[in-house]
Amino acid sequence: MKFHLKMTLCMLAVLSVLFGAGGSLLIYESFEDSLEREKAAALGDYRMAWGTLQIVNSMDAYLDRDAIIKTMEQLYQQNSASWFDLRLSTKDEVLYESRETQSPFIQTAWAIADPEPGICLIRILDNGNGAHFLVFSGAVETNGDVLFLTTSHDVSTLYTARQAQQRTYIQVFLLMCLLCAVLSYTVSRLLTAPLGGLSRASRA
């Protein structure tokens, strides 16, 4: 293989390793940082609903379900921007759900696993159509029953932004590879041209 081809391939390999790994790591770290901030904000909203439910229960341990449902309904109406969905249920029935209809994946989310009282489960679910949701599930014991409080938060914009970054990164990476190949080939040809002239002259 000629020298200028070797130099071109070597430069492309170095660019692929350095620029490829660096760009991928940067996109990954940016996405994870944004996702952690969304988790923290969503957890704060969930704790607000959880705290409200506990306060209501502590004020009257024998409060009937209708009063609890009314409290959750008012909470959702006052903070509807905080959740995609808010759901209160027992093992056997749904007591309150902020949205009348749910996609199949959300229905599946509710059925995955019921948390123990005092434990909060956090999951990220994909509905198969490009939408992603943070789902929080917790349980509280009231009047001899265990109530399950579940909220979901739409984080699709984070995944959409990551996909846009990845597309931009690939375009820039391919352009950099093309420019690197042209530049490396041109420089190597200029460097080897005098040697080629000397070689031809010696053979003459």
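Guide: Start with Arg-123, which lies in strand S3 (residues 120-126). Strands are DSSP runs of E, at least two residues long, numbered from the N terminus. The model is predicted, so local features need pLDDT of at least 70 and side-chain atom pairs 80 or more, while totals for chains, interfaces and linings use all residues. Residues are numbered from 1 along each chain as its sequence is written, and side-chain values use heavy atoms, without hydrogens and water.

Visitor: Is Arg-123 buried or exposed?

Guide: Buried means under 20% relative accessible area, exposed over 50%, and partly exposed in between (1.4 Å probe, protein chains only). Arg-123 counts as buried because its relative accessibility is 13%. In strand S4 (residues 132-142), ten of the eleven residues are buried.

Visitor: How do S3 and S4 pair?

Guide: Strands of a sheet pair through backbone hydrogen bonds, either parallel or antiparallel. Two strands count as paired if DSSP finds at least two bridges between them. S3 and S4 are antiparallel, with seven bridges, and Leu-125 stands opposite Phe-133 in S4. The two strands form a hairpin with five residues between them, and Gly-128 in the turn has a positive phi of about 85°.

Visitor: What is the order of the strands in the open sheet?

Guide: The five strands are ordered S2-S1-S5-S4-S3, with antiparallel pairing. S2 (94-97) and S3 are the edge strands, each pairing on one side only.

Visitor: Which residue in S5 is the bridge partner of Leu-86?

Guide: That partner is Thr-151. Thr-151 also stands opposite Phe-136.

Methods:
Helix = DSSP H or I, 4+ residues; strand = E, 2+ residues; numbered from the N terminus.
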